[in-house]
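Student: Could we go through this model together, one question at a time?

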Amino acid sequence: MSNSNQNRRQFLTKTGKAGIALATMPLISKIVPNNAFSVSEYQQQVLPYAYNALEPYIDALTMEIHYSKHASTYAKNLADACVAEKIDTTNTSLVALLKTVSKYSPKMRNNAGGHYNHELFWQLMKPSPSVAPTGVLADAITKTFGSFTDFQKAFSEAAKTRFGSGWAWLLIKKDGSLAVSSTPNQDNPLMDVAEVQGTPLLGLDVWEHAYYLKYQNKRPDYINSWWNIVNWEFVQKRYAEALSNK
Ligand code: MN3
């Protein structure tokens with residue numbers, strides 16, 4: 001046997017074994033997409049962790065349906081709306097689109113919001129994060145709300161009392177101050193239609209699809225659990241960026 005044939009046979013044996021290993025891996029780690037290339041912010045990005053990574057606070061099946069069905073549909077419908085309403089997605093940032101969303105259709109508003117909110121939401125969570133913010137964000141939260149606990153109460157209250165489907169937010173307003181708000185449906189504070197406007201730093205999805213399988217009608221239990229997986233490092237980064245862009 002020639003050297004190259006032998007190498008080829010070894011290669012096939014190795015990849016053959018890898019193929020079997022992949023086939024017997026748990027479904028959860030196999031179905032998380034693993035694209036090596038970066039895609040437009042208008043497209044759904046790769047989930048930064050496995051579907052089961054946030055257990056026990058968010059169960060794997062909820063994450064899978066939420067990411068691969070609900071959120072992917074917002075991304076697809078946003079793409080359709082951009083074609084129909086002639087948005088040049090290469091030269092228009094998603095944030096700029098959201099800031100002028102009142103000029104477009106309800107389909108654009110729902111799906112641009114839905115896509116942006118979910119892309120942000122995935123990054124706002126991680127397994128075993130630090131329990132509270134530090135640095136300038138921690139200082140600003142204390143200054144605004146009295147304490148971190150008081151902030152959590154205000155945010156949780158906004159999430160609990162949002163009637164029907166929507167989101168709770170911590171945002172930084174144009175004047176640099178922090179605020180807690182909530183929005184209906186897939187609206188967010190970037191939108192020119194939002195009651196309280198600014199840049200969202202932290203957001204919580206309180207649509208039933210985000211928690212119903214595990215928590216059923218107990219939205220407050222979902223909210224209380226969710227504090228265990230907030231990625232404060234990421235929120236701090238967003239706050240620093242928002243301050244420097246002022
Ligand atoms: Mn959702």
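Student: Is Met191 buried or exposed?
Tutor: This is a predicted model, in which local features need pLDDT of at least 70, side-chain atom pairs count only at pLDDT 80 or more, and totals for chains, interfaces and linings use all residues. Residues are numbered from 1 along each chain as its sequence is written, and side-chain values use heavy atoms, with hydrogens and water left out. Buried means under 20% relative accessible area, exposed over 50%, and partly exposed in between, with a 1.4 Å probe and protein chains only. Met191 has a relative accessible area of 0%, so Met191 is buried.

Student: Which residues is Met191 in contact with, leaving aside its neighbours within four places in sequence?
Tutor: Met191 sits in the loop between strand E2 (178–184) and strand E3 (199–205); strands (E, at least two residues) and helices (H or I, at least four) are DSSP runs numbered from the N terminus. Contact means heavy atoms within 4.5 Å. On that basis, the partners of Met191 are Leu98, Val101, Arg109, Gly113, Gln186 and Gln197.

Student: How far apart in space are Met191 and Thr100?
Tutor: In sequence, 91 residues separate Met191 and Thr100. From C-alpha to C-alpha, the distance is 6.8 Å.
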